[in-house]
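Dear colleague,

Please find below the structure that I am handing over to you. My notes on what was found in it follow directly after.

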Amino acid sequence: MKPTLPKMDSAYTFIKAYRRSKGYSENRNRAFRDTRELLSVLDEISEHYEKHFVSKKNSDELRTVFSVSYPLREYQEFIRAQVLTPLDLAYTSSFAYAYRRGLSTKDNAKVHEKSRYMLKLDIRHFFESTRKRLVFATFEKYTSYNRSILGILTKLVCYNGSLCQGACTSPTIANLVLADFDASVGLFCDGLGIRYTRYCDDMTFSSPFEFEAKNVEEFVRLQLKPLRYSLNDRKTRFFRPGQRLEVTGAVVNTRVRAPREYRQKIRQDLYYINKYGFIFHLEKTRPSWYSGKATEYDILHLLKIMKGRIAYVKMLDPDDPFASNARKELDAAALRYGVGDLSKMQDRQISFEIENAKILRFMTLEERLQRSVSPEVHLMVWHAMRGLEYHPEGNGGFVSDEEDDGLFSDERDVRDNRCFADEGHTSMQDANDTLPFEAVNFPTFDEVSIPPFDEDFPTFDEHRIPSFDEVIVPSPDEDKTPPLGNEFPDD
């Protein structure tokens with residue numbers, strides 16, 4: 001049964017489907033405006049990507065990761081939710097375990113439990129090698145869209161002619177590209193009694209009996225050649241009985257469990273926390289470039305990291321007593337050093353912010369003040385509306401005009417008119433568009449006098465809100481009616 005996809009045949013219908021998924025009104029003028037914005041994004045697609053470098057595990061190489069800016073990120077989220085998710089459920093191979101809802105690294109490792117022989121292969125530069133030709137062909141194969149929409153979809157999800165790490169669409173597309181490859185390799189391995197799984201670019205072959213690893217490797221190379229992929233020979237490994245078999249970070253020799261080194265690191269951290277306390281341990285283990293004393297937020301972060309590591313050990317092996325004992329020891333240390341109450345307080349605050357973010361963004365300022373919402377929550381909600389990260393000690397909640405221009409007018413209208421609607425507060429549309437939600441008593445338009453040409457007119461920087469010293473407030477006995485006509489000086 002074919003999945004149900006949104007009907008699209010042009011850039012305009014793409015925008016209509018996008019707006020419908022967002023719950024926007026059926027406004028033709030705004031749809032045409034957003035279509036022009038989409039075409040502008042397509043013409044300058046590379047400007048919406050920012051490159052970052054992350055160190056690879058157990059290697060001196062750097063991994064290139066991209067962050068996607070607004071509004072391209074919104075288009076990709078729409079493609080992922082409305083197009084790729086139905087295709088993933090219908091066509092992605094059962095041998096693929098990465099980036100799929102309900103599956104984890106444990107599910108991938110459990111397939112190879114109690115194996116004795118194992119072959120591990122890796123695809124070189126997986127995402128970068130997935131060229132737009134393959135992406136276009138994949139969309140064409142699994143959808144009934146015309147070439148216009150296929151071209152728009154391909155261009156929106158590719159960077160410099162290929163997939164990139166960091167875009168939310170890349171993982172699902174990569175799985176769909178390799179769907180036929182997984183089916184061929186899986187059928188080949190079933191005939192030989194070999195278990196096969198693929199987790200992103202890592203392929204694992206295992207069996208309780210010895211098999212010819214060279215034959216499997218050559219068959220994989222043969223299947224990858226039409227797709228123009230190649231194997232990373234440095235990561236090719238064949239394991240025999242007596243060696244530790246590890247799959248996606250879990251040991252599978254006898255049962256799925258965390259590696260010994262991982263458990264020893266948890267045991268070591270718990271020992272130093274119990275002996276010297278959270279602050280001392282945190283300051284000793286932080287990077288050398290991190291200066292200053294540890295704050296309560298740093299301690300909370302360390303506590304959450306430790307809980308997460310212990311939870312990972314318990315997830316891999318629920319019957320392992322190490323995880324239960326380690327959690328009890330961590331909770332006892334948190335209680336001894338007074339960190340437990342802080343953790344509960346922060347958990348409640350975070351839970352409140354997540355559950356009430358959508359409610360708060362549509363409340364007026366007076367309604368939020370009646371609920372006694374803290375200013376920090378105002379800032380966090382304001383940032384969450386735009387998909388931005390909130391840094392309490394950063395710029396105080398202010399954003400640049402470029403970030404504000406990236407907000408669709410529909411969302412801006414909701415923000416301006418609902419949050420500052422006729423409650424005795426000035427609208428953010430004209431005077432306060434770059435400020436977060438807070439009480440700011442700007443003069444109304446009727447209270448501002450526009451000087452004639454022969455007077456000194458204050459010069460304002462573009463996109464900057466004038467201060468009270470830069471506007472002229474008329475006295476009560478003067479006419480408050482603003483002058484009409486073309487009386488604004490040309491900037």
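Tyr-271 lies in helix α11, and it counts as partly exposed because its relative accessibility is 46%.

Please bear in mind that this is a predicted model. Its mean pLDDT is 78, and 68% of the residues reach 70 or more. The pLDDT stays under 50 over residues 368-373, for which the model has eleven contacts beyond four places in sequence. Residues 448-465 also have a pLDDT below 50, and this stretch has 27 contacts in the model beyond near neighbours in sequence.

The salt bridges come next. In general, side chains of opposite charge can pair when their charged atoms come close. The structure holds 20 salt bridges. One of them joins Arg-19 to Asp-34, with the closest N and O atoms 2.8 Å apart. This pair links distant parts of the chain, since Arg-19 is in helix α1 (residues 11-22) and Asp-34 is in helix α2 (residues 28-43), 15 residues apart. Both Arg-19 and Asp-34 are buried.

Helix α1 also holds Lys-22, whose partner Glu-74 is in helix α3 (residues 72-91), 52 residues apart. Lys-22 is partly exposed, with a relative accessible area of 36%, whereas Glu-74 counts as buried because its relative accessibility is 12%, and buried means under 20%.

A further salt bridge, at 3.1 Å from N to O, is formed by the side chains of Arg-327 and Asp-331. Both residues lie in helix α14 (residues 321-336), four residues apart, about one turn of the helix. Arg-327 is partly exposed at 33% relative accessible area, and Asp-331 is partly exposed at 34%.

There is also a pair of strands to examine. Strand β4 (residues 195-199) and strand β5 (residues 202-207) run antiparallel and are joined by five bridges. Arg-195 has Ser-206 in β5 as its bridge partner. The two strands form a hairpin with two residues between them, and Cys-200 in the turn has a positive phi of about 60 degrees.

Finally, is Asn-175 buried or exposed? Asn-175, found in helix α8 (residues 170-177), is buried, with a relative accessible area of 1%. Beyond its neighbours within four places in sequence, its contacts include Thr-92, Tyr-99 and Arg-198.

Yours sincerely

Conventions
Residues numbered from 1 in each chain as written. Predicted model: local features only at pLDDT ≥ 70, side-chain atom pairs only at ≥ 80, totals over all residues. Heavy atoms only, no water. Buried < 20%, exposed > 50% of the residue type's maximum accessible area, 1.4 Å probe, protein only. Contact = heavy atoms within 4.5 Å. Pairing = 2+ DSSP bridges. pLDDT = per-residue confidence, 0-100. Salt bridge = Lys/Arg side-chain N within 4 Å of Asp/Glu carboxyl O.
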